[in-house]
Amino acid sequence: MKLIRSALLILCVAASAQAQQEIKVGGIFDLTGITSDVGKPYAQGVRDGVAWTNENGGINGKKIRLVDVDYGYKIPEAVAAYKRMTGDEKVIMINGWGTGDTEGLKAQVNQDKIPYVSASFSAHLTDPTKTPYNFFVGPSYSDGLRAWLKWVKEDWKEKRNPKVAFFYGDNPYGKSPIEAGRRFCKENGIDLVDEEIVPGAFQDATSQLLNMKQRGADYAYINVTTTGVSTILRDAKKLGLATKFGSNPYGFGEALPQVAKEAAEGVTGIMVDVPFGENVPGMKRLTDFHKKNHPNDTHDTFYVRGWTYVMVWSEALKRADKSGKLTGEGVKAALETLKDFDLGGLTTPVTYTSSDHRPTTTVRIYQIKSGKLTKAKEYEMERKQEWLGL
Amino acid sequence: MLCGEFHTTYASDMGIFDTRRARWVLIAFIVALFSIPFVAGSYWLDVANRAAIAVIAATGLNILTGFTGQISLGNAAFLAVGAYTTAFLSSHGMPFLVACPASGIATALAGMVFGIPSLRLKGLYLAMATLAAHFIVEFTASHWDAVTGGVAGISTASPRIFGYDFSDDRRLFFLIVPACILHLYFAKNLFRTRVGKAFVAIRDQDISAEVMGVEVFRFKVLAFGVSSFYVGVAGSLLAYQARIISPENFPLSVAIDHLGMIIIGGLGSVVGSILGAIFLTLLPEVLRLATSALSGGFPHLVQLFTPLKLAVFGLTIVLFLVFEPDGLADLWRRIRNWFRLYPFSY
């Protein structure tokens, strides 16, 4: 007993000595759950981004220590992980993942003053009067859907209104932009004829697609992750549907044409970050890191996304550290000083203010043409006050 | 020095403590228990609270399955009823001392309704009927948005008693653990009463119980009621402890876990419920610590954690069923006797 106690004591002393040069950041990732198809490359991107930052000067000389956990896309697991990270590990901020867990924890992070930079682009997290400690890096799901509907309107050549259907999962991520989409359709002369709900993990979408066919949808927006999107696309191809499909920031990437093959041809999607290896100034450090550490791995746009997150919050950590306020409040304030912060073309520059946490309203739409992701259109969505938080 | 248990009166045979020393050991244990919050970090306090909640829920299930012989797969559903009742009441400003018992009563009523099929059904068929309860509650929880918050879930304010805010796990410990002890005390005593004996009689042979004058249906429904009350209180405490509850908190695997707890711990034993619940709450935490300690050298091990947890759980159940069918409770009894009767244990 005595031995254990003294060993624990030594550990504690060692840990606190180490903690002086370390900044602890929590990481809540999905490596095994229903969104692990995109969650794994994202987590890898964050880990590599942290490793790169530590190799290149850290946070003004201090090292970042990522305390990460796989929560399997389960809200209770995320809550338990959050308790562990803020309680024992005393992390200064958290890099989160899903919409359900991020929205579930929003009151808690506000109470504990823990900046929560999450991979969820849910627009519900953009209004600082309600969620002052929530941040993300990219246009919101809602702005993405609005931009895609705008593209539909331009792409549609017939006299009558275009008919649109939404596919989404029965979870907070799936449902997040739907209300915004419904309103946008109503205001812009688009007929929303069908909404189909798909289960968390599914191998077949035939019945939903037949329903949609009956309603005569010309376009359909799929709000699930890439695996689900390719299932829907393949089933649609089998049924010979003429509907044009579009997809969301987590349902569209390099994997889609590889998995769905010719069924993915012509499909449009919101791309928040450029594909891996794209010729932009910010890509060099990623490709260099990739060549040096794991040259045989393949990476995608979600991997790039992980990097952009680290770039944004590590900059905030640097600024907070410089002003001597390396606390949750200090990091939040530092994030809100980011103005047109350039990410080397990996994604659009981001801006946060204390009254608006929409990082950007620029939405890029890509299209799959002969198996390649090609940029089709870029929209600058309006920064409407009534769209804040919707 | 003892060389066996010799009861000379019925009263001492029915006593909770078989020896005077057991009483002092228990008191010392409770004192040690309440020193945990002063030494443990918040992670282990979270685990301790979840273990205490699991003890209440497992005891509830043991009353129904272990003592009365009515198998139930509806424990996750009953847990959900309790948790959502608390979340709903507390969001309407109800204090803890109203919300928690009310959740227990609401769940007891739900349990009695779903227990009605037990009049006609036994064994596997009853398991299927309670499984139906699970799916009905799960569907309601994820689609009755106005009350349950739907798939996004609902958050619960921290419990308050006379203005004192039990806002973190350290403070919650002093709420959850006494509640747990109270429920265990009641359960232990329940089986010294007429009602408890009737439960056991139904388990052992329902027809002969009926012949002896036990109203089988009434006591079966009562067992469902008492059991669900326990589970409802556990659900209520869970809502306070987890802060956010969503349908994901109550998957079918929770009901299976609870069954695992009472099988590993010992069917028809209050001590068994305690040991089984603690064992199965600690098991994933120990595995998690082991995988994350090893993940420095083997980074892919973190991804193995979830499947590993299930595999170890399954293996443990099989091993217990084969080698220790009376569970940890029996193991505990043997260890205790060995020490107590040392060196004359024969």
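Predicted model: local features only at pLDDT ≥ 70, side-chain atom pairs only at ≥ 80, totals over all residues.
Local features are reported at pLDDT of at least 70 and side-chain atom pairs at pLDDT 80 or more, whereas totals for chains, interfaces and linings use all residues. Residues are numbered from 1 along each chain as its sequence is written, and chains are lettered from A, with ligands numbered from 1, in the order in which they are written.

Chain A contains 14 helices and twelve strands. Helices (H or I, at least four residues) and strands (E, at least two) are DSSP runs numbered from the N terminus. The C-alpha trace of chain A spans about 75 × 45 × 40 Å along its principal axes. Its radius of gyration is 21 Å, in agreement with the value near 21 Å for a compact globule of 390 residues. The radius is taken over C-alpha atoms, and the globule rule is 2.2 Å times the number of residues to the power 0.38. Of the 390 residues in chain A, 54% are buried. A residue is buried if 20 or more other C-beta atoms lie within 10 Å of its own, exposed if 12 or fewer, and partly exposed in between, with C-beta atoms placed from the backbone. Among contacts in chain A between residues at least 6 apart in sequence, 69% join residues at least 24 apart. Two residues are in contact if their C-beta atoms, placed from the backbone, lie within 7 Å.

Chain A is assigned domain 1 (21-139 + 280-359) and domain 2 (141-271 + 365-387). These bounds come from an automatic or database domain assignment. The domain centres, taken over C-alpha atoms, are separated by 27 Å. At the boundary, 19 residues of domain 1 contact 22 residues of domain 2. On the domain 1 side, helix H2 (36-55), H4 and helix H13 (301-322) each supply at least two residues. H4(A) has the largest share, three residues. By class, this side has six nonpolar, nine polar and four charged residues. Ala, Val, Leu, Ile, Met, Phe, Trp, Tyr, Cys and Pro count as nonpolar, Asp, Glu, Lys and Arg as charged, and the others, Gly among them, as polar.

The largest nonpolar core has 198 residues. Both domains of chain A give residues to this core, so it lies between them. A nonpolar core is a set of buried Ala, Val, Leu, Ile, Met, Phe, Trp, Tyr and Cys residues joined through C-beta atoms within 7 Å. A:Val164 and B:Leu79 have the most contacts inside the core. Beyond four places in sequence, the contacts of A:Val164 include A:Val152, A:Cys185, A:Ile190, A:Leu192 and A:Tyr219.

The contact between the chains takes 21 residues from chain A and 18 residues from chain B. On the chain A side, helix H3 (75-89), helix H4 (99-104) and H5 each supply at least two residues. H3(A) gives the most, with eight residues. The chain A side has seven nonpolar, seven polar and seven charged residues.

Chain B comprises 16 helices and four strands. Its C-alpha trace spans about 60 × 55 × 45 Å along the principal axes. Of the contacts in chain B with a separation of 6 or more, 75% involve residues 24 or more positions apart.

Buried residues of H14(B) include B:Val270, B:Ile274, B:Leu275 and B:Ile278. Their cover includes helix H4 (42-67), helix H9 (169-190), helix H13 (252-265) and helix H16 (327-341) of chain B.

B:Gly66 is found in helix H4 of chain B. B:Gly66 is buried, with 27 other C-beta atoms within 10 Å. B:Gly66 and B:Leu267 are 201 residues apart in sequence, yet 4.4 Å apart from C-alpha to C-alpha. Beyond four places in sequence, B:Gly66 also touches B:Ile262, B:Gly268 and B:Ser269.

Two non-glycine residues with positive phi were examined. A:Lys113 has a phi of about 55°. A:Lys113 lies in the loop between helix H5 (106-112) and strand S4 (116-118) of chain A. With 16 C-beta neighbours inside 10 Å, A:Lys113 is partly exposed. B:Arg243 has a phi of about 70°. B:Arg243 lies in the loop between helix H12 (216-242) and strand S4 (244-245) of chain B. B:Arg243 has 21 C-beta neighbours inside 10 Å and counts as buried.
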